[in-house]
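Please find below a note on the structure under review. It is set out as numbered points, to be read beside the sequence and the coordinates.

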Amino acid sequence: MAAHVEPLADQPTSQAVWNALASHYKEVSKLHLRQLFRDDPKRGERMVIEAVGLYLDYSKNRVTDETLSLLLQLAKESGLRARMDAMFGGEKINVTEKRAVLHTALRAPKDASILVDGKNVVPEVHAVLDRMADFSNRVRSGEWKGHTGKRIRNVINVGIGGSDLGPVMAYEALRHYSDRSTTFRFVSNVDGTDFAEAVLDLDPAETLFIISSKTFTTLETMTNAQTARAWSLAGLGGDEKSVAKHFVAVSTNAAEVSKFGIDTANMFGFWDWVGGRYSMDSAIGLSTMIAIGPENFRAMLDGFHQMDEHFRTAPFEANLPVLMGLLSLWYNDFFGAQTVAVLPYEQYLKRFPAYLQQLTMESNGKHVTLNGMRVTHDTGPVYWGEPGTNGQHSFYQLIHQGTRLIPCDFIAFAKSLNPLGRHHDILLANVFAQTEALAFGKTPEQVEAEGTPDWLVPHRVFEGNRPSNTILADRLTPEVLGKLVALYEHAVFTQGVIWNIDSFDQWGVELGKVLAQRIIPELESASEPVLNHDSSTNTLIRRYRKSREAS
C-alpha cells in the first residue's frame with residue numbers, strides 16, 4: 001500500500017517535483033522488475049556506481065530513468081547542495097541546539113582548514129588523535145602498567161548510545177586486525193548483569209576502564225563507572241591512588257573527571273559539534289585504537305574522509321550516499337515501506353545493523369520540520385538486519401513472501417579475511433541468489449512446470465518485485481569500514497535535507513530520562529512515597545516496591 005503522499009509543506013520550491021513523483025509512482029508501482037530487465041537487457045550493467053572502492057548495484061530497484069531523474073531533481077530543489085556546503089563549512093545547521101555539525105572534521109587531513117566561529121578546528125582534532133595514539137601505543141606495548149605493576153590485558157569501554165554502539169561495532173568489525181593478547185569488553189546497560197558478566201573472569205590488576213561520557217554525568221554510564229571503580233578498588237586493596245592507573249576518561253568535564261580520581265592528563269576530549277552517533281572516529285574510538293593500533297585507526301579515518309570528499313564533490317547522479325538516500329526515501333514516502341533491512345554477508349559486521357539503528361533512527365526519527373511545523377510525510381524508516389546467511393533461515397521468509405515491502409541493502413566482499421575452502425564462494429553465491437530471488441521471484445507457471453501439485457502451487461509462488469541494493473568491496477579493511485559508515489551517514493543527511501528536518505538533535509531521548517530521575521527516589525524511598533503519576537505507573541511502582549520488600 002502506498003504512503004499518504006502530500007507536498008513538502010514548507011519547501012515550496014520542491015512541491016512540484018514531489019507531486020510529480022506522487023503521480024509517477026502510480027505508473028511505476030505497476031511495473032515488475034522482470035519487465036524492467038526484459039525491456040533493458042543492459043540494466044544490470046548500466047545502473048551501477050563505482051567510487052572510492054565501493055561498487056553499488058542499484059538495478060534491482062523499482063525505478064526507471066524517469067524516477068531517478070525526478071528524485072535527483074527533488075534533491076536539487078530541496079537545496080541539498082547548499083546544505084552540504086553549509087555542513088562542511090562549519091555553519092550551525094543543528095538549529096535546535098545552535099551547533100555546527102562537523103563529524104567530517106574528525107577525519108580531515110592535518111593541512112585542512114575547517115572553521116567554527118572563525119577558528120580552525122583541525123589542529124585540535126589532530127592534537128587529540130596524537131594523544132590517543134601515544135596512549136594506545138603505551139597500553140599495547142605494555143609500557144602502561146597497572147597499580148601493582150602488572151601489564152594491562154583487559155580493556156573495558158563504559159558508555160551508552162554513541163559512546164558504546166560505535167566502539168562495539170568497530171571492534172567487532174575490525175577484530176581481524178585487533179591485538180589478540182588483550183581482551184576488549186563493552187558495558188552500556190544500567191542492568192547490573194551487563195557489568196557483572198563483563199568483569200566476571202577478569203583480574204582488576206590487569207584491567208583498564210575507559211569511561212566515555214562527554215558530560216561525565218550520564219546516568220547509565222556513571223552508574224556503571226562508579227560500580228567499576230568500587231570493583232577495581234576492592235581488588236586493589238582499596239588504594240584510591242590506583243584509580244588513576246586503571247581509569248581514563250573520554251569527556252570534556254575536567255572537574256568531574258578529576259573528582260572521580262582520573263588524572264586529567266588521561267582525559268581525551270571532543271567537541272559539541274560532534275554528535276554522539278557520529279563520534280566513533282573521535283576520542284570515543286579510543287578502545288578501537290587500542291585494539292587495532294593507531295595506524296589502522298588512521299586508515300579508517302582516511303576511508304571516512306574519502307567518502308566525505310566523494311559526497312561533497314561528486315555530481316548527484318554519480319553520488320553513492322545521495323542515490324542511496326533517495327532510493328530509501330522513494331520506498332518510505334511513496335511505497336509506504338516502513339523498514340529497511342541491512343544484510344551484511346560478513347560475520348565481522350554482525351553489529352553493523354545495530355549501529356545503523358541509532359545513526360538512522362535517532363537522526364531522522366522526527367515529526368516536525370526545521371521551522372517547527374508538523375511534517376506531512378513519513379520520515380525515518382526502521383532499520384534492522386542480521387548477517388547472512390543466518391538471516392536466510394529466520395526472517396527472509398517474510399521478505400520473500402510476506403505482505404510487507406522491505407527494501408534491502410546487501411553488503412558483501414570479494415575476498416574473505418578467513419579463507420576456508422569453499423566457504424566464501426558459497427557465501428557470495430547466497431548474496432547473488434537472494435537479490436535475484438527477491439527481484440524476479442518464481443511465477444505460477446514456473447512452479448507448475450516443476451511438477452508441483454495444483455494445491456501446492458500458491459504456496460511456492462514468489463511474487464518477486466522486492467527491491468534491493470548490493471554493495472560490494474574488495475575486503476573488509478579499516479579503510480573500507482570508514483567508507484561504509486560515512487556512506488550511511490551522508491545518506492541519512494540527504495534524506496533529512498529533503499524532509500527538511502534536523503537530523504542532528506535528539507530531543508526524543510530526553511523525556512524518559514527526566515521521568516526516570518523523578519521515579520528513582522520514589523523506588524528507593526524508605527517511606528511510602530506520594531505518587532502523582534497515572535494509575536498505571538503508580539500501580540507498577542507500588543508493585544515493584546512490594547516485591548523488593550518481600551525479597
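1. The model is a predicted one. The chain holds 22 helices and 13 strands. Its radius of gyration is 25 Å, close to the 24 Å that the globule rule gives for 551 residues, so the chain is as compact as a globular protein of that length. Along the principal axes, the C-alpha trace extends over about 75 × 60 × 55 Å.

2. Burial, contacts and surface. Of the 551 residues, 54% count as buried. When contacts between residues at least 6 apart in sequence are considered, 73% of them join residues at least 24 apart. The accessible surface amounts to about 23,800 Å², and carbon and sulfur atoms contribute 52% of that area.

3. Charge. The chain carries 55 positive and 65 negative charges. How far apart are the mean positions of the positive and negative charges? The separation is 3 Å.

4. Helix α6. This helix covers residues 122-141, and its 20 residues should span 28 Å at 1.5 Å a residue; the end C-alpha atoms are 28 Å apart, which agrees. Its buried residues are Val122, Val125, His126, Val128, Leu129, Met132, Ala133, Phe135, Ser136 and Val139. An α-helix has 3.6 residues a turn, so residues three or four places apart point the same way. Among the elements that cover the buried residues of α6 are the strands β4 (119-120), β7 (207-212), β8 (247-250) and β9 (267-268). The helices α12 (286-292) and α13 (294-313) also belong to that cover. Just after α6, Gly142 adopts a positive phi of about 90 degrees.

5. Helix α1. The same check of length may be applied to residues 15-28: the 14 residues should span 20 Å at 1.5 Å a residue, and the end C-alpha atoms are 20 Å apart, which agrees. Val17, Trp18, Leu21, Ala22, His24, Tyr25 and Val28 are the buried residues here. They pack against α4 (65-77), α14 (320-335) and α20.

6. Lys483 belongs to helix α20, residues 478-499. Is Lys483 buried or exposed? With a relative accessible area of 4%, against a limit of 20% for burial, Lys483 counts as buried. Leaving aside neighbours within four places in sequence, Lys483 is in contact with Val52, Gly53, Leu54, Gly303, Phe304, Gln306 and Met307. Val52, one of these partners, sits in the loop between β1 (48-51) and β2 (54-57). Val52 is partly exposed, at 24% relative accessible area. Although Val52 is not a glycine, its phi is positive, at about 40 degrees.

7. Phe216. This residue is placed in the loop between β7 and α9 (219-235). Phe216 is buried, with a relative accessible area of 3%. Phi of Phe216 is near 60 degrees, a positive value in a residue other than glycine. Which residues does Phe216 touch, not counting those up to four places away in sequence? They are Ile211, Met222, Ala249, Ser251, Asn253, Glu256, Val257, Phe260 and Ile262. Phe216 and Val250 are 34 residues apart in sequence, and their C-alpha atoms lie 8.6 Å apart in space.

8. Gly421. The loop between β12 (408-413) and α17 (423-440) contains Gly421. At 82% relative accessibility, Gly421 counts as exposed. The C-alpha atoms of Gly421 and Lys259 are separated by 55 Å, and the two residues are 162 residues apart along the chain.

9. Cis peptide bond. Gly388 and Thr389 are joined by a cis peptide bond, with omega about 10 degrees. Thr389 is located in the loop between β11 (382-384) and α16 (396-401).

Conventions:
Residues are numbered from 1 along each chain as its sequence is written. This is a predicted model: local features need pLDDT of at least 70, side-chain atom pairs count only at pLDDT 80 or more; totals for chains, interfaces and linings use all residues. Side-chain values use heavy atoms; hydrogens and water are left out. Helices (H or I, at least four residues) and strands (E, at least two) are DSSP runs, numbered from the N terminus. The radius of gyration is taken over C-alpha atoms; the globule rule is 2.2 Å times the number of residues to the power 0.38. Buried means under 20% relative accessible area, exposed over 50%, partly exposed in between (1.4 Å probe, protein chains only). Contact means heavy atoms within 4.5 Å. Accessible areas come from the Shrake-Rupley method with a 1.4 Å probe; for residues, only the protein chains shown count as cover. Lys and Arg count as positive and Asp and Glu as negative; His and the chain ends are not counted. The place of a charge is taken as NZ of Lys, CZ of Arg, CG of Asp or CD of Glu. The expected span of a helix is 1.5 Å times one less than its number of residues.
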